[in-house]
Every structure is written in C-alpha cells, then in structure tokens.
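Open the model in your viewer and keep the selection panel at hand. The stops below go one by one.

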Amino acid sequence: MSPDELTLPPEAPLTADVPPPAKQPRGIAPIWHTVVLVVGILAFSIWGSMRADTGDLNPLAPVHGGNHAATGADRVRLIRYGLTGALELVIVAWVALGLRLRKTPFRSIFGRWPRDLNTFTMEAGVALLFWITSMAVLATLALSWNAVETKIYDHQVKSQSHNPSQPSSPADKPKSPLEKQSEMAKQLMDLAPANGLELAAWGALCLVVGFSEELVFRGYLQSQGISILHRIPIAVLFSSLVFGAAHGYEGVRGICIITVYGALFSGLTLLRRNLFPGMLAHSWHDFATGLFLAFLRSSHILEHLPLSKPN
C-alpha cells in the first residue's frame with residue numbers, strides 16, 4: 001500500500017464523486033463548523049464534571065426528581081433517556097449541516113456499509129470480537145490504574161500516620177480508590193433501567209448513542225482530521241481525545257480509559273473501512289453496562305464491600 005493510500009479517509013470508496021481536495025486543506029466540512037462542535041462538546045463536558053461534584057452526575061439529564069428505584073418505576077429516568085437521545089440527534093443534525101456546507105454526501109462518512117446478510121453477519125462477528133478484545137484491553141488498563149492509585153493512597157495514609165503533629169479529621173482522610181469507584185458506580189446506577197419499559201427505552205437510547213457517537217467521532221471528526229492534516233495517527237489521536245474529554249463527568253480515570261477506548265474504535269473503523277461494527281459494538285457496550293449497573297443496584301453488592309483499609 002502506497003503512502004498516498006494511507007492518507008485516505010475510511011469513507012473514500014463512497015466518495016469517488018467528490019472533487020479531489022485542493023492544495024489548501026479543505027476538509028469534509030468547514031473548519032469553523034468543527035471548532036464549534038468541539039468547543040460545544042468540551043463545554044458540555046466541563047459542565048457535566050461540575051455537576052458530578054454536586055452529586056448530579058449525568059450531564060445529559062438536566063431533569064431531576066425523586067428516587068423510585070425501590071418501586072421499579074421512575075418517570076424522570078425515562079425523560080432523561082429521551083433528552084439524552086434528542087441531544088445526540090441534534091449533534092448529528094449539526095454534523096449533517098457541516099457536510100452539506102461543503103457538499104459532502106452524508107452517506108459517505110458511513111463507509112462501506114454492509115449490503116447483504118453475509119456481509120452483515122461478518123461485520124457483526126467482527127463487532128463482537130472487537131468488543132471482547134477491547135474489554136480485555138480496558139480491564140488491563142483499569143487494573144493498572146487501580147494499582148498505581150492504591151500505592152499513592154497507601155503512601156498518603158502512611159504519611160498522615162507518621163506525622164502526628166498535624167491533627168487530622170475523618171474528612172481530611174483521603175478516599176481509597178475503591179471508595180471513589182464505588183461512589184461513581186452508585187451515581188451511575190441511578191441511570192440504569194429498573195423495569196421492562198425502562199429497559200426498552202434504554203435499549204433504544206443505546207442504539208441512538210451508538211449510531212450518533214460513532215458517526216460524530218469516528219465518521220466526522222476522524223475523517224475531518226484525515227482530510228485536513230493528511231496524517232491518520234494525528235486524526236485518530238484528535239478524535240479519541242475529544243471522545244474521552246466528552247465524558248468529563250466520569251473523572252480523570254474515566255476520561256483516560258475512554259480515550260483509549262476511542263482509539264480502539266478508530267482502529268476498528270480504519271480496519272473495516274465502515275462505521276457499522278463500531279456502532280454495533282458501541283450500542284451493545286452501553287446496553288450491557290446499563291444491565292450491569294442495574295444488577296449492582298438490585299443486588300446491593302456495593303453496600304457490603306470493605307471500601308477502605310482500617311487504620
């Protein structure tokens with residue numbers, strides 16, 4: 001494969017009718033359009049991280065109400081799902097506007113979409129294999145992160161115990177990594193479905209999110225980066241960093257892990273030259289995560305964990 005072929009965006013096979021780019025970087029959409037999109041995503045993420053500090057974790061759910069987890073019915077949760085899906089589709093509409101301004105076919109950013117049952121089945125199998133492999137990679141990264149955090153926590157505890165001249169209160173005691181993760185999980189559990197209706201709504205939301213986020217980050221931002229910079233690694237880094245930063249409400253640990261996850265999705269898109277397996281894996285991952293959080297909430301496992309070491 002020649003160097004010129006390496007600089008082609010993943011949607012190139014479906015954009016043969018698009019005029020070749022000029023000598024000056026042109027992109028699949030105006031640069032100002034991309035800047036507005038990225039700034040909006042980052043601003044929303046910062047707002048979400050600020051809400052996380054107050055206990056209102058989900059930045060895509062501005063409607064709040066009582067906790068009805070005990071009865072399995074929460075109308076507010078359904079409203080949150082609807083608002084989240086609506087916001088995702090608004091972002092897709094903004095992307096479509098940018099493509100239209102440059103007369104880039106909207107369909108082109110999807111790449112080689114499967115057209116028959118055999119191709120569909122093959123891409124679905126690739127999506128499943130990718131999801132399993134990526135979960136192993138992310139689990140390894142999470143365990144390594146936890147090991148480093150635990151060593152830092154142990155050092156902080158020892159420093160406090162060896163310095164009796166400075167009185168400390170329980171509020172001054174640093175939280176263990178397990179405590180931090182438990183608090184995050186408890187806040188996320190409020191978003192998980194609790195009954196059949198919510199499960200159906202959650203499934204629909206996961207399909208919307210998988211479709212829209214892969215289209216925005218891997219279809220639009222990554223292709224825009226390749227078209228302007230003509231460097232695939234830089235474009236992948238750019239789209240992955242924005243993808244990770246969009247999840248600011250999950251903290252530094254979550255941002256870093258999700259950034260790596262985004263890079264894995266970028267690799268899948270480049271390898272398969274279409275967005276379908278990424279959309280499928282993304283939707284399945286979100287749906288499975290919701291089921292896992294619902295299980296944690298119903299089983300009350302977190303309430304029985306020893307979250308910190310005794311002094």
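Select Ser134. Leaving aside residues up to four places away in sequence, Ser134 touches Tyr261 and Leu264 (contact: heavy atoms within 4.5 Å). Ser134 sits in helix H4, residues 117–161 (helices are DSSP runs of H or I, at least four residues, numbered from the N terminus). Ser134 is buried, at 2% relative accessible area (buried is under 20%, exposed over 50%, partly exposed in between, with a 1.4 Å probe and protein chains only).

This is a predicted model: local features need pLDDT of at least 70, side-chain atom pairs count only at pLDDT 80 or more, and totals for chains, interfaces and linings use all residues. Residues are numbered from 1 along each chain as its sequence is written, and side-chain values use heavy atoms, with hydrogens and water left out.

Next, the salt bridges. The whole structure has 5 (a side-chain nitrogen of Lys or Arg within 4 Å of a carboxyl oxygen of Asp or Glu).

- Select Arg77 and Glu198: their side chains form a salt bridge at 2.8 Å, N to O. Arg77 is in helix H3 and Glu198 in helix H6, so the pair ties together parts 121 residues apart in sequence. Both Arg77 and Glu198 are buried.
- Select Asp190 and Arg80: their closest N and O atoms are 2.7 Å apart in a salt bridge. Asp190 is partly exposed at 26%; Arg80 is buried at 9%.
- Select Glu214 and Arg218: this salt bridge spans 2.6 Å, N to O. Both lie in helix H6, 4 residues apart, about one turn.

Now show Arg77, Arg80, Asp190 and Glu198 together: salt bridges that share partners join them into one network.

Definitions and conventions: Helices (H or I, at least four residues) and strands (E, at least two) are DSSP runs, numbered from the N terminus.
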